[in-house]
Amino acid sequence: MADKFFVTAVVVTHDGATWLPQVIAAIGSQSRKVDRIVAVDTGSKDNSLKLLKSAGIPYFQEDREMGYGDAIDHALELTPLVDENEWIWLIHDDCAPDKKALAHLLEAVEDRPQVAIAGPKLRGWYDRDHLLEVGVSIASNGSRWTGLERREQDQGQHDDIREVLAVSTAGALIRRNVYEELGGLDTNLALFRDDIDLGWRAYVAGHSVIVVPQAVAYHAEASSSERRPVDVSEAFLHRPLLLDRRNAAYVLLVNSSWWTLPWISIQLFTTSVARAIMNLLAKLPGYAGDEIAAVGLLLINPREIIQARRYRKKTRLISPRIIRSFIPPRWSQFRMASEGIASLISQAIRPSAKEDNRAAPQSYSDIGVIGDSFDDPDLIPIKDDPLWKILAKKPHFILFFLMSVISLLAARQRFGNLSGGALAVVPQSGLTLLSQYAQSWHLVGLGSAAITPPWVPIIGFASIVTGFNLPLFITLLFLLAPILAFYIFFRVLTKLGSSRYYALVGAGIYAFSPVLWASVNQGRLGTLIIILVAPSLFFIAPFTRENENATWRRIFAISLLIGLFCAFNPIVLAGWLILQGYRLGINIFELRHQYREMGIQKLLLAPVSGALKRRFALFITPWILVTPWSLAMVLHPTQFFLEPGIPLQSGIRWPQFLANPGGPGAPPLWLISPVLLFALTAFTIKNLRTSSFMATSAIAAGIALSAFSIQGHGSFANVWTGPLIAIATALVVPGVLLYAESFIPTLTVIPLGKRHLVTGFIALVTAISLIGTPIWAITGGSQSLVKANQEQIVPAFVTALADTPAKPKTMVINVIDGQTMYEISRGSDLQLGDADVTIAPPQEIVQTMSDLVAGSGITSSKILGQFGIQYLFLKAINNESLIRIIDGSGGFTRMSSTPSGIVWKVMGASPRVLFVGQNKVQLVVPSLDVSAQANLTQPGVVLVAEKYDQNWRLLLDGQRVPLQHAANGLPIFTIPHAGQITVLHDGTRHRTLISIQLIALLAVIVLALPAGRRRREISLEELV
Amino acid sequence: MLKKLHSLWRNSSVHVDERIFGVAAVLLVAFTVSYAVPVAQSLGKAQSAFPATVCPSKMGDGTTTAFLPKYRSLVRHVAKKSLSFYKSASTVENISSNALLVEGNPATSFALNNSGNGIGAVLCESGNADQWFVGGSGGLTSKDQLDIVNSGLSPAQVDIVGYSSKQVLPVISLVIPANSDRTVFLDALVPGEDGVALHVITRAGRVTSFLFDQRKKGLSSLGTDFVNSQGAPSKDLLIPALMQSSNGRVSSMIRVLVPGNLDANIKLTINSGDGAFTPIGFDGRTIPHGRVIDIPLADLTSSTPMSIHIESDQPLVAAALTSLKGSDFAWAIPVPPLTQLSLNFTGLNPKFVFTGSNIDVGINWKSGNGKSMSAHLVGSDIAFWNPGTTGVRTISFVNKSRSPVYGGSILRNSSGSQLAYLPLRAGAALEKSTLPIVDVRSLSH
């Protein structure tokens, strides 16, 4: 078709011999021939020149470091302008246009005089249906935006000619006079993003850019996929990603309106940091460096941006905002990013799904029995089954529904803010738990510098799923725990190869296990997490010796999961350390001969010690991940046996024997859990002996430990063995059920004997448990210790008073089960995580309270007052003798007496921070929760009514004042002169330990994650 | 059926792995360990302590001396600024115008008032919610006073219910400031009334009250005495020690009050070395309720000290008054059964009277010369004992009998003209309480 245009094709080559033959052939075979062709070679080291020469294309040789724009300019200098209808067709040496590409491009621009640039639809070089670009734009964070999904296939879905911000220079047809008027490609953009910049400039100069999808070009993207070196002089360190990111930022900064620059700069910076973190997580530190360096390079040389903006101002006719419609909205960027991440996660989780689908017959024709036509859906009559039939075929739906109903009925007293049993009052925000973890001084009792256990921030962070609404998160966790346990166990069993029916039985056993319901009813948060995580954790077989030959990634993945597991229950950490320590000992023993021969240094470097090193990593990493908490446990080993939360008495020995932890709210013992029977049965099955032995050992350990009572977490109770029972259950049930599935059918063909009796007995016990436990759960079991919206123990007005500058404390006395108990409150009930950091009060307080209750505490009020305890609250109003004793003890003035309790004011009590001047004048130092500040007008002493800790500091006019130990055990500071004081608790050491923990956690996460691939490591077939 | 099952079992070819016994052994060890562990208990740990006791301040014209249980007992004076305890210089401490607070002690302290015209003894007591005083007078010839001591560090609230021979008087409420005392004169409380009984109720605070009875006739003194307080009204009262009355110089009277809403029917039995008897008119005597009734025990003679046993169908309070004509008088009150008691009688010459159906009292004492001695007093109905000429410093009694034994002491001056009774009762009951534990559960549901 004849047209009025003159087309000059400009080919720039740079080590493109791989693709050049096809490119030359493609140009030569165009249905609308190019009128003129010229090539520029920028110092190719391959035989690109030879190919150009043999193709008879005139070419020029330039420096290897010349940029793309410079090369084009140079070519145009040597090919004079023909007329105003001359177009230049930019061809990359790795871009082969379809034979009708030029014709379609010219056809499109013929009726569109405003168009200055037209580009083809770019498809993959190897996968020719892979859509690479149909026009291109730039996101506000600098990302190259194509609007296409990952590996989107071309099915004609983008085949309308439309205006776009820019088209790739690969195959772009540009009106020559406009190109020259715009000054060509920006020479500061030697490679990458020069196309977007040109498009942007074309728009603000009053032109437009279109993509012509009917014109197709196949692009290998050799530079961006790192298939050839980037040698342009602007490419710092010759790193393509660095150049790309730098150029992206440059394009945005030089073309955007000046008033949007701050916002764009922030976006560029934050996106770079986020990308750098992601690259670090993917173990691509080079790419991470590129992201940061790209922004840095621009900041170093702002003059370049200023000059470029000045230059653009000269040719600008329209506001840069003209291109706003081409900038992708933020939500679509977010959607695309999240879909990409989801796709990656999905692939990571189900890497073989695709292969499985491919391998599995998709149709009858795949089997080869019949022809393709049989699969025609129109020919298959669809018969609608009644609902009951459909449900009968899918019993798991019915059971999930039943499970949900049972859970809802059983939890009818637990809709709301939960507390009770081992579960303290839940703070309103998960962020509170995160900040609690960072604090070095906890406002519990008389104060505590104990290390907050790592489950606290994990729960706080996990509440992100409810928008950090922690009460809702905890309520949902307790409500859904049985359902989740059912689902998780069902999934694990089906993955292990169990049939759906057996998997449902196993899930039922697990979801109705006594340990789960006891944990729910007693508020055992840690054990609930163990129950939910254990099946999936054991699915990856962390105990097997095969791990000694596993990849390091697997080792760290296991360590990470075990660390998470242990964070919720130190008894599990103790068990893990014992088990791995034992195996580590065996490893060391096995290497004794090699040690003698090679010495320690050579041995550790030798492959033979791989198992030892892996075992050591498995041993030490979970322990490191929960530091500094684990360090504290080394100093106080009894802490290993404390469940998160408030200690609570549970069953002793026989309940444990029956796999029931016992205690208030636990299922009755006659609802025998089949777990022990499973464990004993498993011992007769050869390949289940290890898990049986581990499960039985866990139960045996539970029996023994349940008899031990320990002091800790501010209370006293016997060891809670729920986690051990949960682990035993998760270990033994899957194996036995899988065995039963193959064994039970054989019972019909063997003579009646022991097997039938044993199997029948176990089945009977299992059936009783599966039927009885749900009935119990929705009747008696619903009366749990954990309840919703329980009345606050500490009176509201005491809570309000706790916020005054004196920060008074309240001694709360309660009588529970006939035992008089007391604890110091900071104005509220015990909050989640508080019990775990509670430490014993000073002996003075213990003695004073004993004297007070005994009626011999003549000076009780005075001593309590010294510790800043300004109120005494007696919850047990029925204890008349105690009321009379306190009334008669002196120093306590009744403030109120209500049905919820009696409050006395402690006369002459000190504030939290008190200054006593030289002239005995007393001044309340206004106090925040931890720190306090005041301006003192005379020397004296400052008394801090908190437990003594060596990290208490007082700064007088910025200078540290030595800390002293007062006679009553409180911190005290002697103030030598008047001045500004600041009282604070120095958390430097605490923050250091937390930082080390975070670094360790990050390192293990990075090591456990699959490594990202550099683009040059990805096959071209995958990319294009 | 069982046989069939048994044969099925025997015929089975299932091979039981021997290692199952290893598992059984593990479980057995676990159970053994669990049973071997001593059951740790934090609950139910009891503590017992004696509360601090208060001895009265100097009352009337005489001097008051506290007889402390041991040398260097911790004491402090109420109503003084300093709240610090100090160690007593000896076992006998002179009490000034301020009551004396004695740190809790297993032994009992008492105070002795000596005005020269009479002596009176009173137990130092801990803060009491209820104190009944049966004795004293609001008459013109009396100068009786009720001293209310608040040894606590917060204000105390006290209600006083007065009873006269005619009626129940309106309740008087008093607020006693912290660490102070307040004296109420009976002639203001129950003016003109000779028959007086008081019920002092502590509503809040650590309060101990003392009633001091001082009588005169014109300018001459008729004697002084403390009226020891007694506990809640009871249907069975035993006043263990009354001085013998054989020469006509001693007269006795009992004062009873039935505080309830019903009249009481009482029987009175007197025990002495001469035997037990019920005086004429005291077997089934009706005592009207709500009024203080004085009943003279006319023609009562005994060669030995006596005890009085009052049985009633309604709870009542009572006391016995012994008057030495023109020289002194003493109020004796009912006592609870004796269990164990230690006292310091340094410098005094007490006589002890025990009464009960089966008396078996172990006595240990340190004589005036510091020698430790012991005795075993056995008898029935009534028994007497005194430490003899060597004198006594500290003395302790233990009831070894299974039946209740009641004890009292009679104190007289060397001339025998002055008399005081001291009930053998602990001034402070051993306060038993469960040891409170610090526990975060008090802040949780």
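**A tour of chains A and B**

In this predicted model, helix α28(A) passes helix α30(A) in a left-handed crossing, meaning that the near helix is turned anticlockwise from the far one by less than a right angle. Helices here are DSSP runs of H or I with at least four residues, strands are E runs of at least two, and both are numbered from the N terminus.

Residues are numbered from 1 along each chain as its sequence is written, and chains are lettered from A in the order in which they are written. Local features need pLDDT of at least 70, side-chain atom pairs count only at pLDDT 80 or more, and totals for chains, interfaces and linings use all residues.

Select residues 675-682 (α28) and 722-743 (α30) of chain A: their axes come within 9 Å and cross at roughly 60°. α28(A) is therefore oblique to α30(A). Axes are lines fitted to C-alpha atoms over the stretch in contact, with angles from 0 to 180 degrees between N-to-C directions; under 35 degrees is roughly parallel, over 145 roughly antiparallel, 65 to 115 roughly perpendicular and the rest oblique.

Next, display A:V675, A:F678, A:A679, A:T681 and A:A682, which meet A:A728, A:T729, A:V732, A:V733, A:G735 and A:V736; contact requires C-beta atoms, placed from the backbone, within 7 Å.

Then colour chain A by domain: domain 1 is 6-263 + 297-330, domain 2 is 385-417 + 469-524 + 644-786, domain 3 is 429-455 + 791-909 and domain 4 is 913-986, with bounds from an automatic or database domain assignment. The C-alpha centres of domains 1 and 4 of chain A lie 70 Å apart.

Finally, select chain B, which has three helices and 33 strands. The C-alpha trace of chain B spans about 115 × 55 × 55 Å along its principal axes.

Definitions and conventions:
Contact = placed C-beta atoms within 7 Å.
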